[in-house]
Amino acid sequence: MRNFQKEALILSVRNTGENNRIVSYLTKDEGILTSVLYGGPKSKLRSLVSPFNSGTIYLYNDEAKHSSKITDFDVKKYHLSFRESLFKTWAATLAVEVVISTKCAGSPEECFVMLNGFLDGLDLLDENQGQTGLIRFLWRYIGLLGVQPDTTNCQRCHKPFYSGNFSQNTLQYKTGGVIYSHSENGFVCTDCYKASFDNPERLLFSEITSKSVVYLQATSMCEPSVSRNMKLSDDEIASLKGFLYSHIESSVGTKIKTLHSGIGIL
Ligand SMILES: [Zn+2]
């Protein structure tokens, strides 16, 4: 029997028999862990151990009984603005569902940093900025899963999409954008896209503007301020979200409930 303490982000809380709750939380070293929280509805600890709260969790583990009990939780971040914004609550719920269903993409440490960074940022941003914050989180998470499509060269003919300078903070793309091919999980150039119409197979495509691809590229390759300072139009945000929602769902391999119940909010 031992006492432990860890930095933790609460992911989910569900009721179990009597007044007890099963709590899942994300840690840097061990990924997602589960412990039991005892106490009635009026317990102070119960109100602290709520989804999206992060801080130091205190545990009492009994290895012989395979049990782990939460004894205290010192909350450092409450993310209070989520309670006033339906969008923020749903965006946070989506990120948590993706992390749970992919078991931290097998990289607990990176996942811990990424999810905490997203939630802390979302708390500070307004809803509009939160939309692009969600885009950046999903794109980077797709990278963590190892299934990020190549944003530099056409998947089929391997010609580069970009022209001119290509360095740390300056990215220039050819006009016309790129086309995302769902069946190939890759970006193709407009020439290859046109050629695919001779193909009798039904292929699903999404058009993505040059600027949107630059945005994704900057998110994964440049310092965070570069993509954060880029302005996207409402249409570009909508099409990037559509592309990323569809991509993350196929990467996860199961239906993401939050995406379907959150239609119209996300
Ligand atoms: Zn091509």
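Select helix α8 and then what covers its buried residues: the cover includes α2 (86–101), α4 (127–144), β8 (178–181), β10 (205–208), α6 (210–221) and α9 (257–261). The model is a predicted one, in which local features need pLDDT of at least 70, side-chain atom pairs count only at pLDDT 80 or more, and totals for chains, interfaces and linings use all residues. Residues are numbered from 1 along each chain as its sequence is written. Helices (H or I, at least four residues) and strands (E, at least two) are DSSP runs, numbered from the N terminus.

Next, colour the buried residues of α8 themselves, which are L240, F243, L244, Y245, H247, I248 and S251. A residue is buried if 20 or more other C-beta atoms lie within 10 Å of its own, exposed if 12 or fewer, and partly exposed in between, with C-beta atoms placed from the backbone. An α-helix has 3.6 residues a turn, so residues three or four places apart point the same way.

At 1.5 Å a residue, its 19 residues should span 27 Å, and the end C-alpha atoms are 27 Å apart, which agrees. The expected span is 1.5 Å times one less than the number of residues. Step just past the helix to G253, which takes a positive phi of about 90°.

Now select α3 (residues 108–124) together with α4. Their axes come within 10 Å and cross at roughly 175°. That makes α3 roughly antiparallel to α4, a term used for angles over 145 degrees. Axes are lines fitted to C-alpha atoms, for helices over the stretch in contact, and angles run from 0 to 180 degrees between N-to-C directions.

Display E110, C111, M114, F118, G121 and L122 in α3, which meet G130, G133, F137, R140, Y141 and L144 in α4. Two residues are in contact if their C-beta atoms, placed from the backbone, lie within 7 Å. The residues of this contact divide into 7 nonpolar, 3 polar and 2 charged. Ala, Val, Leu, Ile, Met, Phe, Trp, Tyr, Cys and Pro count as nonpolar, Asp, Glu, Lys and Arg as charged, and the others, Gly among them, as polar.

Finally, colour by domain: domain 1 (2–77), domain 2 (80–144) and domain 3 (162–261). Between domains 2 and 3, the contact takes 16 residues from domain 2 and 18 residues from domain 3. On the domain 2 side, α4 supplies the largest share, 9 residues.

Terms used: Angles under 35 degrees count as roughly parallel, over 145 as roughly antiparallel, 65 to 115 as roughly perpendicular and the rest as oblique. Domain bounds come from an automatic or database domain assignment.
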